[in-house]
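Here are my notes for a first read of this one. Have the structure open while you go through the points.

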Amino acid sequence: MRSPWLNKLYVTLGPRPPASWLLLCLVCVLAVIAILGSTSSTAFDSVTVTPVPNIYSNYRRLKEQAAVDYLELRSFSVSAARQQVLGLCGKEREHFVPCYNVTANTLAGFKDGEEFDRHCEMFRPRERCLVRPPKDYKIPLRWPAGRDVIWSGNVRLSRDQFLSSGSMTKRLMLLEENQIAFHSEDGSIFDGVKDYSRQVAEMIGLGSDAEFHQAGVRTVLDIGCGFGSFGAHLVSLKVMPICIASYEATGSQVQVALERGLPAMIGNFISRQLPYPSLSFDMIHCTQCSIIWDDKDGMFLIEVDRILKPGGYFVLTSPASKPTGSSSRIKKRSMVAPIEDFTENICWGLMAQQDDTFIWQKTADVNCYKSRKSASPPICNEGNDIPPYYQPLVSCISGTTSQRWIPIQNRSTEQLSSYELQVHGVPQDDFYEDSQVWRSALRNYWSLLTPLIFSDHPKRPGDEDPLPPFNMLRNVMDMNAHYGGLNAAFLDEKKSVWVMNVVPVRARNTLPLIINRGFAGVLHDWCEPFPTYPRTYDFLHGYGLLSHLSSERCGMMDVLLEMDRILRPEGWVVLSDSVVAIDMARALAAQIHWEARVVDPQNGSDQRILVCQKPFVKK
């Protein structure tokens with residue numbers, strides 16, 4: 001039985017098709033084969049003869065192509081977003097910080113202050129959603145104006161809280177309509193920030209605070225930093241401060257400091273070590289930080305000693321009241337006596353005391369620990385100097401056997417010496433090559449961060465891109481910082497920006513090198529939330545981060561959601577990784593409303609660059 005179609009063909013052509021018809025079919029088939037063969041050959045030849053350019057060469061052409069392709073990419077993103085777009089979280093999560101849930105921690109049995117500590121093991125994420133900005137949120141002002149004036153709607157410190165606060169806070173800040181202006185004179189330090197800073201400098205033997213660098217003071221850990229006025233002054237002196245303060249449900253010091261564009265993160269002295277390596281900071285500063293330093297058998301002071309460099313300074317100011325006469329002397333003596341007895345056993349010397357400020361200096365001589373009157377606290381074993389990612393506090397002195405035991409006064413230049421690179425196990429050629437690569441990469445990144453590239457219309461060929469203003473960014477988080485090369489490139493380009501250099505806990509621990517360069521840095525596990533408030537960073541960068549996470553226990557979407565939480569509206573994300581990782585990230589970026597595009601660096605590798613911008617969603 002023939003099919004109906006064959007019957008029709010049989011009737012039309014007859015039982016035997018004409019020879020001319022068969023010849024015509026044969027000619028058509030041969031013509032198609034010839035055309036396809038020619039096309040394939042041409043395409044293959046064009047691929048094989050094209051020279052492979054160096055990294056980021058033909059960059060202008062790539063930008064123009066990216067502009068032309070943007071509408072297509074945007075339509076792709078919109079299409080994907082319609083399918084699996086994520087919604088906004090509830091209003092109660094506008095200032096949400098995971099891992100800090102006092103109620104859950106208390107129910108789990110944590111006590112003696114540990115209920116206020118970071119417990120990510122207790123964090124169970126609910127539905128996946130995007131943390132929304134507050135109703136009155138506005139894009140922060142550019143530096144330097146944004147350092148001294150912030151929008152009151154951007155932080156949890158409300159007008160009512162401000163009006164009900166003490167006179168000390170009112171002296172610090174001035175509330176004007178929807179803005180908070182910060183005075184240059186910090187009310188928490190009686191003589192003002194500038195006078196106080198000069199006093200500290202004079203107490204350690206300097207003529208003024210402009211000489212901090214000459215004394216080896218480049219990095220300062222500011223504990224319980226208030227709203228960042230001392231840190232803001234240190235920034236003006238080109239000293240890198242890092243503010244840490246405990247998590248606060250309302251009126252957070254860290255949130256306000258970050259909103260001012262100052263380096264800060266959540267951290268406390270309760271039961272765990274801070275996520276910094278031993279011998280990290282040149283000075284550690286505490287003004288009214290509400291820490292009982294001789295508590296827990298002195299373990300808080302031991303933690304300060306662990307992260308303080310040889311020859312470094314511990315500055316303690318406690319102007320809780322202004323007693324006079326004999327009561328003042330009694331108060332000062334009662335405050336410092338327990339600390340003074342303990343500091344002798346950890347080889348600190350009380351260097352100076354003036355009014356309510358005391359300064360101790362850590363010994364620069366490692367042999368001091370052998371000649372102590374008391375062997376308590378003991379010296380830690382070599383195994384205790386493990387990466388301190390929220391490890392329990394220890395009761396022994398660490399860092400004494402480290403090759404990084406280099407007194408801050410012996411630092412000859414701002415640049416790392418060949419000996420210091422050797423101490424950190426970094427080949428000199430590798431270090432300088434890394435620096436050159438990031439200088440070039442930063443220029444290209446910067447030219448990509450143009451409003452035009454994210455506009456609704458492609459750029460006309462030949463038009464010059466307007467470069468973003470140098471003060472467009474206040475801060476950057478380098479999520480896989482390696483040697484800190486991106487940070488160094490920002491400094492070389494004179495960009496008014498600071499970088500939080502993050503070293504993943506399972507990557508090679510280069511954080512000691514980064515901090516020794518005078519940069520801000522921290523260890524972090526990217527399968528956990530970062531200890532900061534929402535909307536606190538302008539620019540997130542990750543080189544090889546996605547490939548690194550492929551071996552971790554968390555998914556890529558979890559990391560992107562955390563990035564969205566800590567990125568401010570209209571902030572940027574630049575990820576450089578393999579084609580497979582970037583393609584997956586681009587698809588996920590559409591689900592969280594990011595505008596995204598992919599740039600091929602045209603260097604013959606499988607690396608791609610994903611550039612995203614977070615929209616300002618108002619609900």
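1. Helices (H or I, at least four residues) and strands (E, at least two) are DSSP runs, numbered from the N terminus. This is a predicted model, where local features need pLDDT of at least 70, side-chain atom pairs count only at pLDDT 80 or more, and totals for chains, interfaces and linings use all residues. Residues are numbered from 1 along each chain as its sequence is written, and side-chain values use heavy atoms, with hydrogens and water left out.

2. The overall picture: the protein has 19 helices and 17 strands. Of its 619 residues, 53% count as buried (under 20% relative accessible area; exposed is over 50%, partly exposed in between, with a 1.4 Å probe and protein chains only). Taking contacts (heavy atoms within 4.5 Å) with a separation of 6 or more, 71% come from residues 24 or more positions apart.

3. Start with helix H18 (residues 556-566) and helix H19: the two pack at an angle of about 55°, with their axes 10 Å apart. That makes H18 oblique to H19; angles under 35 degrees count as roughly parallel, over 145 as roughly antiparallel, 65 to 115 as roughly perpendicular and the rest as oblique. On the H18 side, Met556, Met557 and Leu560 make the contact, and H19 brings Ala581, Met584, Ala585, Leu588 and Gln591. By class, that is seven nonpolar, one polar and no charged residues. Here Ala, Val, Leu, Ile, Met, Phe, Trp, Tyr, Cys and Pro count as nonpolar, Asp, Glu, Lys and Arg as charged, and the others, Gly among them, as polar.

4. Which residues of H19 are buried? They are Ala581, Ile582, Ala585, Arg586, Leu588, Ala589, Ala590 and Gln591. The length of H19 (residues 579-591) checks out too: at 1.5 Å a residue its 13 residues should span 18 Å, and the end C-alpha atoms are 19 Å apart, which agrees. The expected span is 1.5 Å times one less than the number of residues. Just after H19, His593 takes a positive phi of about 75°.

5. Now compare helix H14 (residues 428-448) with helix H15 (residues 485-492): they pack at about 65°, axes 8 Å apart. That makes H14 roughly perpendicular to H15. H14 also passes H15 in a right-handed crossing. Asp434, Trp438, Arg439, Leu442 and Trp446 of H14 touch Gly485, Leu486, Ala489, Phe490 and Asp492 of H15. The classes are six nonpolar, one polar and three charged residues.

6. Helix H9 (residues 229-236) is mostly covered, with six of its eight residues buried: Ser229, Phe230, Gly231, Ala232, His233 and Leu234. Lys238, which follows H9, has a positive phi near 65°.

7. Finally, some backbone spots in loops. Cys99, between helix H3 (59-84) and helix H4 (102-107), has a positive phi of about 80° although it is not a glycine. At 4% relative accessibility, Cys99 counts as buried. Asp355, in the loop between strand E9 (348-354) and E10, is also not a glycine, yet its phi is positive, about 55°. Asp355 counts as partly exposed, at 42% relative accessibility. The Ser376 to Pro377 peptide bond is cis, omega near 0°, and Pro377 lies in the loop between strand E10 (357-362) and helix H13 (418-423).

Key. Axes fitted to C-alpha atoms, helices over the stretch in contact; angles between N-to-C directions. Left-handed = near helix turned anticlockwise from the far one by under 90°.
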